[in-house]
Amino acid sequence: MLRKRIIPCLDIKNGRTVKGINFKGLRDAGDPVELAKQYAHFGADELVFLDISATIEERKTMRDMVLKVAEQINIPFTVGGGISSVEDVAQLLHCGADKISINSSAVTSPNLINELSSKFGSQCVVVAIDAKQVDGEWMVHLAGGTIPTTINLFDWAKEVAYRGAGEILFTSMNNDGTKLGFANPALAQLSKLVNIPIIASGGAGSTEHFVDAFKIGHADAALAASVFHFGEISISDLKKELNKNQIPVRL
Amino acid sequence: MNVVIVDYGAGNIKSIQFAFKRLGIDAKLSNHVECITKADRVIFPGVGEASSAMAMLEQSGLDTLIPQLKQPVLGICLGMQLMCNASEEGYTDGMGIFDVNVKRFSNDVKVPQMGWNTIDNLKSDLFRNIREHEFMYLIHSFYAEMNDQCIATSTYGMNYASALRKDNFYGVQFHPEKSSLAGEQLLKNFLEL
């Protein structure tokens, strides 16, 4: 049986991890490779690296980082942030990324999804969707949730699946940063609507939240950042708890 | 040991090269007949779409070379699928090494299958020191049906062949280069066959 996945997300700027990372036993908490190794060792199923660089120079550094991660890490990883062309993707895959994730660029030029999936295969194309519930309706937001659109989350999810996305990474802006749990009703609706895997993101604060994302939200994977980085939840303990709750995980 | 990874323009092969590097082996990338023929071990990778990958193989003549190789050959993911008779992906013929067809998963399950699944009913030295029901990383929409060349099975909606063997030819649907320590053990076993 296919297992549910736990995915830590690392924000990267100029080749270094950002946000205070408070991980015991790390010599250099800013080094993405060392942090990735630690996560892989404790049972992370995949990793996501999100490039929040602002300049072209910093983006080049990101490719060097991808190469180093691919050299040393023996689990799959996704790279996202600022990817807007077939050429960007070709370079990242060439450096050893397993999957890439696109967000705003998919909304501004939806055909990019078709181009990427036909050139590189659906399996490496993750479409990240940030959405916020406004007056009861889930609306897609761009640029890290700062720019609202008139696009409905569920319409957009159906379209990206139809265009060849291999996976959807859904972040609820309402839940992100709250540590009050994932957006389970929206997750469940997404999971029913499209036949590709859904990664839940935004709101993780406790082990129970992960249980709910899988049991109520029917997510295929759950992603979190700060609860892992600050050591509030250990991945190995989390997976043991999920297993106790009859959620199939890799132990 | 002289390990050659067949480089015919299909997908992310750097990960496989890095996986061997972690085992202390400097694997070469090549599409040259002589280089591939002389190798001690040949890795036949593949990520992407079956009919276009097969077209690339035909262009370079590798589709006739590979079935004639005498040393141990390991097909990975799409590589394994192209070693089968035919694939529903782009309705292409394969190289016919494994006597089995490749089909698309039904929509009763999420497609692609993406993540960690177990490999069961292990039947080969390729799996030495790998426990029954070990986890491997899989990412695929098409699968090889069960047949008598099957050396490992997995379950996703139904049972299918997650590894195949015929003589010196081995194929695995999962990605050993991305499957943590168990995957590394499998690559090590392949070198020791």
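**Packing, burial and ring pairs**

Author: The buried residues of α1(A) pack against β1 (5-13), β2 (16-17), β3 (47-51), α2 (56-72), α9 (226-229) and α10 (235-244) of chain A. Buried means under 20% relative accessible area, exposed over 50% and partly exposed in between, with a 1.4 Å probe and protein chains only; a contact means heavy atoms within 4.5 Å. Helices (H or I, at least four residues) and strands (E, at least two) are DSSP runs, numbered from the N terminus. This is a predicted model, in which local features need pLDDT of at least 70 and side-chain atom pairs count only at pLDDT 80 or more, while totals for chains, interfaces and linings use all residues. Residues are numbered from 1 along each chain as its sequence is written, chains are lettered from A and ligands numbered from 1 in the order in which they are written, and side-chain values use heavy atoms, with hydrogens and water left out.

Reader: Which residues of α1(A) are buried?

Author: They are Pro32(A), Val33(A), Glu34(A), Leu35(A), Ala36(A), Gln38(A), Tyr39(A) and Ala40(A). Eight of the 10 residues of helix α1 (residues 32-41) of chain A are thus buried, so the helix is largely enclosed by the rest of the structure.

Reader: What covers the buried residues of α7(A)?

Author: The cover includes β7 (137-142), α6 (153-162), β9 (167-172), β10 (198-201) and α8 (207-215) of chain A. In helix α7 (residues 184-193), the buried residues include Asn184(A), Leu187(A) and Leu190(A).

Reader: How many helices and strands does chain A have?

Author: Chain A has 10 helices and 11 strands. Its radius of gyration (over C-alpha atoms) is 17 Å, close to the 18 Å that the globule rule gives for 251 residues, so chain A is as compact as a globular protein of that length. The rule is 2.2 Å times the number of residues to the power 0.38. Buried residues make up 59% of the 251 residues. Of the contacts in chain A with a separation of 6 or more, 63% are between residues 24 or more positions apart.

Reader: How are aromatic pairs described?

Author: A pair of aromatic rings is described by the distance of the centres and the angle of the planes. Rings of Phe, Tyr and Trp (its six-membered ring) pair if their centres lie within 6.5 Å; planes under 30 degrees apart count as stacked, over 60 as edge-to-face and the rest as tilted. A search of the whole structure finds 11 aromatic pairs over all chains. The rings of Phe105(B) and Tyr156(B) have centres 5.1 Å apart and planes at 80°, so this pair is edge-to-face. The pair links distant parts of the chain, 51 residues apart: Phe105(B) is in the loop between β7 (98-104) and β8 (113-119) of chain B, and Tyr156(B) is in strand β11 (residues 150-156) of chain B. Both Phe105(B) and Tyr156(B) are buried. Ring pairs also link Phe105(B), Tyr143(B), Tyr156(B) and Tyr160(B) into a cluster.
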